[in-house]
Amino acid sequence: MKNRQDKITAEEKFYIATQWQLMWRKFKKHKLAIFGAIVLFIFYFVAIFCGFFSTQDIYKRHTKYIHAPPQRIHFFDEEGFHLRPFVYGLKRKINPVTLRRTYSEDRTKKYPIYFFIRGDKYKLWNLFPTDLHLLGVKEPGTIFLFGTDKLGRDLFSRNLHAARISLSIGLVGVALSFILGCALGGISGYFGGTADMVIQRVIEFLMSIPTIPLWMALSAALPPHWPPIKVYFGITIILSIVGWCGLARVVRGKLLELRQEDFVMAAKIIGATDGRIITRHLLPSFLSYLIVNITLAIPGMILGETSLSFLGLGLQPPVVSWGVLLRDAQNVRTVVLHPWLLIPGLFVIVTVLAFNFLGDGLRDAADPYK
Amino acid sequence: MPKEDKKPLLEVKNLKKYFPIEKGFWKKIVGYVKAVDGVNLYVPEGETLGLVGESGCGKTTIGRCILRAIEPTGGEVLFKMGDSKMVDITRLNKEELRSIRKDMQLIFQDPYSSLDSRMTVLDIIGEPLLVNKIAKGVELRNRVKDLVKTVGLDVRHLRRYPHAFSGGQRQRIGIARALALNPKFIVADEPVSALDVSVQAQTLNLLQDLQKEFNLTYLFISHDLSVIEHISDRVAVMYVGKIVELAETEEFFLNPKHPYSEALLSALPKPDPRLRMERIILPGEIADPSNPPSGCYFHPRCKYAKDICKNEKPKWGEVGSEHWVACHFASKLTLRKVSG
């Protein structure tokens, strides 16, 4: 008897669940999407607190350690296991013929890793001056988890700071495209007629232009004396100029589809105002589809920024983004000799994949009534 | 047209709805689909007018034009406001329309697309009360509970979403929503055609009970003559945007005057197994409303057609008491009626 009671309540729960609860139920079943969501959560969390998570100042040059490889974290030495991890010092040798630097671990020097250590000064979110880092070693030790670049700067810290720019540019860019896409797609779908035709032709035109030359032309138009923050927003606007087209089409298509639905006519007949129909009936019905499309549009933005910066047309040093970091890995020699310079590429791939997995899961969950 | 003793609640005069056909890049209008082409009808208070016809003949369009859910191209829709004053709905502005719509509501054919799947039963049925500022909060809840009881649903299910219900239950929710504003007139647009036969009967009986209880007037649209026979006081037959015959239900079934009505009635299944079905199979297809035939629209399919039918449009005329037909030979033809 008790069993039956339980069953009924579970069924009733399903019947009274809101759209979002039903979506969450469906989404939870998509393991890959959950995995993507967790990865992205970690990435964004680290990016937000990049100063804390990085081990040192991103502009500090270690002239003795140019193109140093990543240092490994050890738990074991000749004496056995240590609870506190440590890194060995680096020994540099210069080949007298090729002048190539090679580094090897110096087993005589051992630098234990400390957590919540005081180190280089930075400003959290450019507001709060602090010097607390998640991990680090004491002077004169060094810790280069991802190696160093040609000026001897720590790539681990640079990658984390780059994540902040690259990940946020996707969000800001999509937010801009979202506004443009909703407004223009909404006009196109709701009013139709001439406005619809003009907007659709403009979208077709914009979409027919190859993106890289268009971006090149537009970013060449950005004044070179602009401060980095202005360039950052300039680049996001350039990226959204193409980005909004897809969203506008989704909004228009969905509106055209929903306008035909009987429940919209029913709302009209009972005397609901246009505003109420849009906000209470139309928006909730396609909000989930919009979220899916936004999720799938973000990786496009991130890839766009990366390719622009990689080509030297996007953000410029001293600003760091993954694309800017990848510029150091433009030739075969670097890739062969200093493969750790490619680590930002790995981050881009993982991020894009995670967004796509997440988007996939959201798409499957978007219409819980089918 | 209406007689003195029966005061019409709704009168439709020469109603027209033409949909433009657009072609090419510049959306040039190359013609019109005459979905509703000069329709006259009236519905006396407390009665049910059954509107019957093939799919695509414009039944639904008439219903929606009357409510001005779509804008009619021409004609008048007169509706009785509170006292005996008749108001032309086609001339009302947005505000006046909103207030008159409290008196006229629509029940939809498709119980799936007519309910917003993202709202609870309480929100769906309560929305008319809320947007017209009639009730809110606890009072709204109580009124919705009453409505839910009236249409025979369980009051415990107010928090449920539409996907929890069967087609018949969903249709009841739709009916409750239509009743919420206490309307006088309801357009029921094929309210049972999407339902199982067993559920059809329940829903029809519910509609009849509600009619008695609230003194409702129905315009009942259907393609199913047996449903029409069951619920209607009078029947209007529609063919390609025009009404071809209008009569009281009994009169219509016993004494049809239009050849098209004869063909429709011959297809009505009869519950007697000894009777042999002798259906009249109409030749050809239903006429294209964007390019209708000359003269009487029905003449290419009519076995009684003469030359005059090709050349002249038949007049809408009374052939008996409360019996109107648009046919040149209405009084001369002897047509088959429903046997039994």
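In the predicted model, chain A contains 13 helices and five strands. The radius of gyration of chain A is 26 Å, whereas the globule rule gives 21 Å for 370 residues; the computed value is well over that figure, so chain A is more spread out than a compact globule. Along the principal axes, the C-alpha atoms of chain A fill a box of roughly 85 × 70 × 40 Å.

Part of the strand content of chain A is organised as a sheet. Three strands, in the order 1-2-3, make up an open sheet in which the pairing is antiparallel. The edges of this sheet are formed by strand 1 (74–77) and strand 3 (101–112) of chain A, each of which pairs on one side only. From one strand to the next, the twist averages 60°. In general, the strands of a sheet are paired through backbone hydrogen bonds, in either a parallel or an antiparallel manner. Between strand 1 of chain A and strand 2 of chain A (residues 80–94), the antiparallel pairing extends over three bridges. A:His74 has A:Phe86, a residue of strand 2 of chain A, as its bridge partner.

The packing of helices was examined for one pair in chain A. Helix 5 of chain A (residues 155–191) and helix 8 of chain A (residues 228–259) have axes that come within 6 Å and cross at roughly 40°. Because of this angle, helix 5 of chain A is oblique to helix 8 of chain A; an angle under 35 degrees would instead have counted as roughly parallel. The crossing of helix 5 of chain A past helix 8 of chain A is right-handed. In the contact between helix 5 and helix 8 of chain A, 19 residues are nonpolar, ten are polar and two are charged.

The model also includes a contact between two chains. To this contact, chain A contributes 18 residues and chain B contributes 25 residues. On the side of chain A that touches chain B, at least two residues are supplied by each of helix 9 (262–269) and helix 10 (274–310) of chain A. Helix 9 of chain A provides the largest share of that side, namely six residues. Divided by class, the side of chain A that touches chain B comprises ten nonpolar, four polar and four charged residues.

Terms used: Residues numbered from 1 in each chain as written. Chains lettered and ligands numbered in written order. Predicted model: local features only at pLDDT ≥ 70, side-chain atom pairs only at ≥ 80, totals over all residues. Pairing = 2+ DSSP bridges. Helix = DSSP H or I, 4+ residues; strand = E, 2+ residues; numbered from the N terminus. Axes fitted to C-alpha atoms, helices over the stretch in contact; angles between N-to-C directions. Parallel < 35°, antiparallel > 145°, perpendicular 65-115°, else oblique. Left-handed = near helix turned anticlockwise from the far one by under 90°. Nonpolar A, V, L, I, M, F, W, Y, C, P; charged D, E, K, R; others polar. Contact = placed C-beta atoms within 7 Å. Rg over C-alpha atoms; globule rule 2.2 N^0.38 Å.
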